[in-house]
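Please look at the sequence and the model below, then read on.

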Amino acid sequence: MPESKFRRELWATLPEGSKHFMVDAKLDIDLKKIIRFWEYHTNSRACFADAININYVIKAMPNESFRLALDYFMDGHQQAANNLVLNGAFLLVASKHCSLD
């Protein structure tokens, strides 16, 4: 079954490789893996927000992750939904503690 336009648009807001890491690989992701993922995708900077210049993107990523989680949950993909909720929670907390200037 092809992926919906809704999902494609939401995945486009997250870094390349996010879908594979959080959904396709069918991994049980924990906070340590989420932190490593974001460190890798931001050149190992201490604060992922420092690596991104667009404030909107930083603020939107947690919400997009939560919206994807709900969509996957409604389709019966519990593991993917769990991974996306954890990712969204991490991004939400990290975005509040990182400098966006």
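## Burial and surface

Of the 101 residues in the chain, 36% count as buried. Buried means under 20% relative accessible area, exposed means over 50%, and partly exposed lies in between, with a 1.4 Å probe and protein chains only. The accessible surface of the chain comes to about 6,400 Å², and carbon and sulfur atoms hold 56% of that surface. Areas come from the Shrake-Rupley method with a 1.4 Å probe, and for residues only the protein chains shown count as cover.

The model is predicted: local features need pLDDT of at least 70, side-chain atom pairs count only at pLDDT 80 or more, and totals for chains, interfaces and linings use all residues. Residues are numbered from 1 along each chain as its sequence is written, and side-chain values use heavy atoms, with hydrogens and water left out.

## Helices and contacts

The chain has five helices and zero strands, in the order α-α-α-α-α along the sequence. Helices (H or I, at least four residues) and strands (E, at least two) are DSSP runs, numbered from the N terminus.

Among contacts in the chain with a separation of 6 or more, 62% join residues 24 or more positions apart. A contact means heavy atoms within 4.5 Å.

## The nonpolar core

The largest nonpolar core has 19 residues, and W11, M22, V23, W38, L68, Y72 and L84 touch the most other members. At least two residues of this core come from each of α1 (5-11), α2 (18-24), α3 (31-41), α4 (55-74) and α5 (78-97). The largest share, five residues, is supplied by α5. Such a core is a set of buried Ala, Val, Leu, Ile, Met, Phe, Trp, Tyr and Cys residues joined through side-chain atoms within 4.5 Å. In soluble globular proteins, nonpolar side chains tend to be buried together.

## Around L10

L10 is part of helix α1 and is buried, with a relative accessible area of 4%. Not counting residues up to four places away in sequence, L10 touches E64, R67 and L68. L10 and R67 are 57 residues apart along the chain, yet their C-alpha atoms are separated by 8.0 Å.

Two of these contact partners of L10, R67 and E64, also meet each other through their side chains in a salt bridge (3.1 Å, N to O). A salt bridge is a side-chain nitrogen of Lys or Arg within 4 Å of a carboxyl oxygen of Asp or Glu. R67 and E64 both lie in helix α4, three residues apart, or about one turn of the helix. E64 is buried at 9% relative accessible area, whereas R67 is partly exposed at 41%.

## Salt bridges of R7 and elsewhere

The structure holds six salt bridges. In one of them, the side chains of D71 and R7 meet at 2.4 Å, N to O. This pair links distant parts of the chain, with D71 in helix α4 and R7 in helix α1, 64 residues apart.

R7 is buried, with a relative accessible area of 11%. The side chain of R7 also meets that of D75 in a salt bridge (2.5 Å, N to O). D75 lies in the loop between α4 and α5 and R7 in helix α1, so this pair ties together parts 68 residues apart in sequence. E3, K19 and D24 are linked in a network of salt bridges.
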